[in-house]
Amino acid sequence: MSPAKFESRKFVSVDPSKCTGCGICEYACSTEKEESRGNPICSRIRVIRMTPFFNFALACRACEDAPCVKACPEKALAQAEKTGIIMVKDKQCKGCDWCVQACPHGGIMIHSDTGKAVACDLCNGEPQCVEFCPEEALELVSSDDEADKKFNATLEKLPAETERLANIAKNKEWNSLLADAEKRGIKVNEKLEALRKKASSKKQK
Amino acid sequence: MPQESPSNVDIFNLLSDSGKKAKKQQREELLAAAGVKEFFAEGNISIDKRTCWGIECKLCIKACPTNALYWKTGEVGISEDLCVYCSACVLSCMVNDCIKITRKREDGTVEKFSKPKDVIALEAKINAKKRLERVKEVFPTAEAYCERYKPRKSNG
């Protein structure tokens, strides 16, 4: 193991067995970062819905040798010294999409209004997506191995999960599934209302 | 048209081939000097002079990261050796359908755009593709797994 380049490197990672793919993290990110509207198109974190069992939310990983920083021709991108967060200098960024082409995770994107590159900056240490996640699936993680461990753990859970669902379908016991869904719906509603309050308070300012 | 035989060499074809090679080499040298990496195999850029605002705007010239666009007397000039088919000029342009870019990736997909809106949509598409690839990397057996547990088709 080579010594870590960034002392307190952190990024948002997901536990796929908990994530339901609701997309509240996208709304939370865009209400925090955008002034005028909560449009998930401008969100820094994105949800991938694969199957009922695994859903993902991926954001910038603050790589140790960030390929986007290397690819930038105008030197508009830089990494913070301790945390490895990717910072964009708005004056120098011109919106050529080379960082987008170079990124292996799809973590950096170009803003639809300003035409400048944007990436996850952890909201000054308190990520709003982590705060608003109704299933507590998002977490701050400090290394790639830690993130991959969770991914592998869900792989092991998969057979049991599929069998459980198959049994439910066979015996037609839908009530347990419906009760689960209701619980989740209540949680999602709570978080949505908190988001709405936050957005309205922001507008008044 | 007479068919080609190995003894019968088409001089015009050879000439155009060597010309292409020389152009490619020149391009590579120029780009290496600028420290630029290419992401696309082929590409084409054109500017519609009727819709271009010309001297009143010049935004694309300011935006170009490799200085492939320059101010000719009376119009915007393009030095195609330097253009790497990024989307900076299209994003900065004030009018739609002025600068048109088509580019081809090494795996054969062709991307075409002429409006800032198209660029944003295209970038979102590229990012989505990469994320899916990333997820599949972690779950190499996911696809096989889904196939195994597919809902069975009922007969009749």
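In which sense do strand β1 (residues 42-47) of chain B and β4(B) pair, and over how many bridges? I began my notes on this predicted model with that point, and I found that the two strands run antiparallel and are joined by six bridges.

**Entry 1: strand β4 of chain B**

I looked up one residue pair in this arrangement and noted that B:G43 lies opposite B:R103 of β4(B). On its other pairing, β4(B) is linked to strand β5 (residues 110-113) of chain B by four bridges, again in the antiparallel sense, and there I recorded B:K112 of β5(B) as the bridge partner of B:T102. I then followed the chain from β4(B) to β5(B), which make a hairpin with five residues between them, and I wrote down that B:G108 in the turn has a positive phi of about 100°. Looking at the two faces of β4 (residues 99-104), I listed B:I99, B:I101 and B:R103 on the covered face, and B:K100, B:T102 and B:K104 on the uncovered one.

**Entry 2: domains of chain A**

I noted that chain A is divided into domain 1, made of 9-59 + 120-200, and domain 2, made of 62-119. Taken over C-alpha atoms, the centres of these two domains of chain A are separated by 25 Å. Their contact takes 11 residues from domain 1 of chain A and 11 residues from domain 2 of chain A, and on the domain 1 side I recorded seven nonpolar, four charged and no polar residues.

Is A:Y27 buried or exposed? A:Y27, which I located in helix α1 (residues 24-33) of chain A, counts as buried because it has 22 C-beta neighbours inside 10 Å, and the cut-off for buried is 20 or more. I also checked A:Y27 against A:L195, and the two are 168 residues apart in sequence but 8.2 Å apart in space, C-alpha to C-alpha. I found α6(A) hardly covered, as its count of buried residues is zero.

**Entry 3: where the chains meet**

I recorded 28 residues of chain B in contact with 29 residues of chain A. On the chain B side, the elements giving two or more residues are α3 (88-92), α4 (116-138) and α5 (142-148), and α4(B) supplies the largest share, 12 residues. By class, I noted that this side of chain B has 19 nonpolar, four polar and five charged residues.

Note on methods:
Residues are numbered from 1 along each chain as its sequence is written. Chains are lettered from A and ligands numbered from 1 in the order in which they are written. This is a predicted model: local features need pLDDT of at least 70, side-chain atom pairs count only at pLDDT 80 or more; totals for chains, interfaces and linings use all residues. A residue is buried if 20 or more other C-beta atoms lie within 10 Å of its own, exposed if 12 or fewer, and partly exposed in between; C-beta atoms are placed from the backbone. Two strands pair if DSSP finds at least two bridges between them. Domain bounds come from an automatic or database domain assignment. Two residues are in contact if their C-beta atoms, placed from the backbone, lie within 7 Å. Ala, Val, Leu, Ile, Met, Phe, Trp, Tyr, Cys and Pro count as nonpolar, Asp, Glu, Lys and Arg as charged, and the others, Gly among them, as polar.
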